[in-house]
Amino acid sequence: MKQAMIVSACLLGENCRYDGKDNKNALAIGFSSRYTLIPVCPEVLGGLSTPRVPCEIVGGRGYEVLEGRACVKSSEGVDYTKEYIKGAKKALAIAKENDVTVAALKSKSPSCGFGKIYNGEFCKTLVNGNGVLAQLLLKEGIKIISCD
Ligand code: SF4
């Protein structure tokens with residue numbers, strides 16, 4: 001039996017991006033040869049609709065959001081921190097239920113981004129850091145593979 005892997009749903013072709021499109025990715029889809037892929041979109045799991053307003057982490061990185069020291073906001077300044085944390089926790093629960101040890105996540109997202117995320121100024125500038133879900137999974141010892 002194959003081991004389970006959490007994958008950002010948009011990488012597998014689900015139209016769950018903020019703009020209603022997908023981020024279909026051959027690398028992520030190819031992991032199906034070795035793993036049972038479990039698609040998750042933490043933003044949808046958190047109760048946000050698709051399409052939705054794009055958000056960035058403002059005032060920190062994913063770990064600071066989880067510690068209550070930064071927030072996730074839309075470009076209009078609406079605070080969606082609660083939804084982002086709720087969705088990340090639901091995705092983590094799914095990972096635990098399925099004994100997941102590795103996840104393939106979409107790069108740069110305020111939820112799924114690993115290593116680089118946008119800087120919170122909505123100017124397409126990247127900074128070092130992780131999104132909320134990526135940070136939560138890392139904290140639980142789950143390895144992350146970033147996919148563009
Ligand atoms: Fe894809 Fe993650 Fe954004 Fe959902 S939250 S659309 S899975 S990058």
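This is a predicted model: local features need pLDDT of at least 70, side-chain atom pairs count only at pLDDT 80 or more; totals for chains, interfaces and linings use all residues.
**Notebook: pocket, cores and a few backbone spots**

I started with the largest pocket, where α2 and β3 each supply at least two residues of the lining. My helices are DSSP runs of H or I with at least four residues, my strands are runs of E with at least two, and both are numbered from the N terminus. A pocket here is found on a 1 Å grid over the protein atoms alone, as an open set of points where a 1.4 Å probe fits, with protein on both sides within 12 Å along at least five of seven lines; a lining residue has an atom within 4 Å of a point.

Residues are numbered from 1 along each chain as its sequence is written, and side-chain values use heavy atoms, with hydrogens and water left out.

**Entry 1: the largest pocket**

I read off about 630 Å³ of space for the largest pocket. That volume is the space filled by probe spheres set on the grid points, which are joined across faces, edges and corners. I found 29 residues in the lining, with Y18, K108, S109, P110 and Y118 nearest the centre of the pocket. Which element gives the most to the lining? It is β3, with three residues. By type, I noted 17 nonpolar, five polar and seven charged residues in the lining.

I then looked at K108, one of the residues nearest the pocket centre. K108 sits in the loop between β5 and β6 (116–118) and has a positive phi of about 70°, although it is not a glycine. At 32% relative accessibility, K108 counts as partly exposed. My scale calls a residue buried under 20% relative accessible area, exposed over 50% and partly exposed in between, using a 1.4 Å probe and protein chains only.

**Entry 2: R52 and its loop**

Next I went to the loop between α2 (42–45) and β3 (55–58), which holds R52. Is R52 buried or exposed? R52 is buried, at 13% relative accessible area. I found a polar contact of 2.9 Å between the side chains of R52 and E43, and a polar contact, also 2.9 Å, from the R52 side chain to that of T50. A polar contact is a pair of N or O atoms within 3.5 Å; within protein, one must be able to donate a hydrogen and the other to accept it, and residues adjacent in sequence count only if both atoms are side-chain atoms. Leaving out residues up to four places away in sequence, R52 touches C16, R17, Y18, C41, E43 and V44, with contact meaning heavy atoms within 4.5 Å.

I also checked P51, which is in the loop between α2 and β3. T50 and P51 are joined by a cis peptide bond, with omega about -5°.

**Entry 3: the cores**

The largest nonpolar core has 28 residues, and L105 and L137 have the most contacts inside it. The elements giving two or more residues to this core are β1 (3–8), β2 (35–40), β3, α4 (81–97), β5 (102–106) and α5 (132–139). Of these, α4 gives the most, with six residues. Apart from this core I found another, of nine residues, among them M5, L11, A28 and A104. My cores are sets of buried Ala, Val, Leu, Ile, Met, Phe, Trp, Tyr and Cys residues joined through side-chain atoms within 4.5 Å.

Setting aside neighbours within four places in sequence, I listed the contacts of L105, which include S8, L11, L133, L137 and C147. I checked α5 as well and found it mostly covered, with six of its eight residues buried. Just after α5, G141 takes a positive phi of about 85°.

**Entry 4: two more stops**

E83 belongs to helix α4 and is partly exposed, at 25% relative accessible area. Not counting residues up to four places away in sequence, E83 touches P42, G46 and L48. E83 and P42 are 41 residues apart in sequence, yet 8.8 Å apart from C-alpha to C-alpha.

My last stop was K124, in the loop between β6 and β7 (126–128). K124 is exposed, at 72% relative accessible area, and has a positive phi of about 60° without being a glycine.

Conventions
Ala, Val, Leu, Ile, Met, Phe, Trp, Tyr, Cys and Pro count as nonpolar, Asp, Glu, Lys and Arg as charged, and the others, Gly among them, as polar.
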